[in-house]
Amino acid sequence: MNFIGLLVTLVAAFLLSSVIGVWLIPFLHKLHYGQTILDIGPAWHKSKQGTPTMGGIMFIIGSILACAAGWCTIAFSAQGLVDASGHGTFYLVGGFLMALGFGVIGFLDDYIKVVKKRNLGLKAWQKSAAQLLVAVIYLIAERIFAPNDLLWIPFAGEFSIGWFYYPLMLFIIIGAVNAVNLTDGVDGLAASVTMVAAMGFMLIAAIQSFTQMDLMAAALAGGCLGFLVWNFHPAKVFMGDTGSMFLGGMVVALAFGLRKPVLLLFIGIVYVVETMSDIIQIGSVKLTGKRVFKMAPIHHHFEMCGWSEVKIVVVFSAVTALGCLIAVLSLL
């Protein structure tokens with residue numbers, strides 16, 4: 001029964017990610033890989049100065065190893081691997097490789113910030129070019145191993161959009177990865193929201209018998225939960241761009257693996273709102289000289305309104321859960 005493989009994956013990802021922290025956090029402290037808090041954020045975040053970053057390594061290693069364990073558990077069972085998509089192995093392996101690619105970009109960004117002492121990390125054009133390269137390689141691989149030009153529209157079905165599929169998917173991939181990265185600004189926020197999103201993907205994958213995507217989602221959910229042992233407020237470690245960009249890649253990989261990237265509008269509703277708040281704020285300041293929010297992205301606005309970091313995490317996670325429910329209903 002596939003449930004056993006999923007349970008193995010979920011539990012293994014949680015244990016591996018949390019246990020890795022026992023070794024990794026002191027190691028990062030020893031290397032002085034502490035986060036530099038920029039002046040553009042809330043003033044009280046300055047107390048977090050020096051908290052180790054690059055902690056995303058925990059769930060990167062944990063989720064990959066756990067998913068491999070779960071895959072083996074199912075593959076060697078009487079049930080074997082069954083996937084309704086017919087391309088499950090590509091979307092599993094290719095998805096992890098894409099997420100790793102984005103994680104490497106994030107790692108380079110973090111490395112430059114904490115080791116080279118350049119607060120802004122990679123230059124904007126360098127980061128954009130690297131993200132574009134990873135996304136293009138993934139789409140080329142999809143074209144070769146799992147050809148697709150269908151766009152699923154909620155409550156309407158699938159429609160062929162021809163070659164327009166590729167520029168649209170390129171926009172979705174890069175937009176989603178940067179949106180998850182933007183969400184990582186409060187202790188436990190990105191990990192909690194992504195854990196709930198992963199559970200939503202787990203449910204959808206189970207309903208539609210996408211076994212490999214179920215495994216990937218379970219690994220992501222367990223990895224985020226294990227990381228929260230160390231990252232929940234007050235955080236003992238930050239995931240850094242290493243972790244947030246990997247999470248963005250994983251969320252994208254799950255949506256693509258289910259062949260329904262538009263699900264990100266529902267399951268990733270918090271990511272969408274975070275990004276839109278930033279765009280609205282920048283646009284308003286440039287056009288009118290006035291701010292719409294007290295601070296952007298929107299989680300900082302709520303901080304400025306007096307919300308605690310824990311309250312923000314709980315509310316944003318609940319909103320994500322609601323988005324997951326809408327995503328499930330859109331498939332019925």
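In which helix is Tyr165 found? Tyr165 is found in helix α5, residues 165-183. Before going on, please bear in mind that this is a predicted model, where local features need pLDDT of at least 70, side-chain atom pairs count only at pLDDT 80 or more, and totals for chains, interfaces and linings use all residues. Residues are numbered from 1 along each chain as its sequence is written, and side-chain values use heavy atoms, with hydrogens and water left out.

1. **Tyr165.** At 2% relative accessibility, Tyr165 is buried (buried means under 20% relative accessible area, exposed over 50%, partly exposed in between, with a 1.4 Å probe and protein chains only). Leaving aside neighbours within four places in sequence, Tyr165 is in contact with Glu142, Asn148, Asp149, Leu150 and Phe256 (contact means heavy atoms within 4.5 Å). Asn148 is 17 residues from Tyr165 along the chain, and their C-alpha atoms are separated by 8.2 Å.

2. **The core.** The largest nonpolar core has 93 residues, and Phe256 is among those with the most contacts inside it, along with Phe102, Ile173, Phe201 and Met213 (such a core is a set of buried Ala, Val, Leu, Ile, Met, Phe, Trp, Tyr and Cys residues joined through side-chain atoms within 4.5 Å). Helix α7, residues 211-231, gives the most to this core, with 12 residues. Helices (H or I, at least four residues) and strands (E, at least two) are DSSP runs, numbered from the N terminus.

3. Ile153 stands opposite Gly157 in β2. Phe155, in the loop between β1 and β2, has a positive phi near 65° although it is not a glycine. Is Phe155 buried or exposed? Phe155 is exposed, with a relative accessible area of 61%.

4. **Ser209.** Another residue other than glycine with a positive phi is Ser209, near 60°. Ser209 is found in the loop between α6 (189-207) and α7, and at 40% relative accessibility it counts as partly exposed.

5. **Cis peptide bonds.** A cis peptide bond joins His233 and Pro234, with omega about -5°; Pro234 is found in the loop between α7 and α8 (240-257). The bond from Ala296 to Pro297 is also cis, with omega near 0°, and Pro297 is in the loop between α10 and α11 (298-304).

Technical notes. Pairing = 2+ DSSP bridges.
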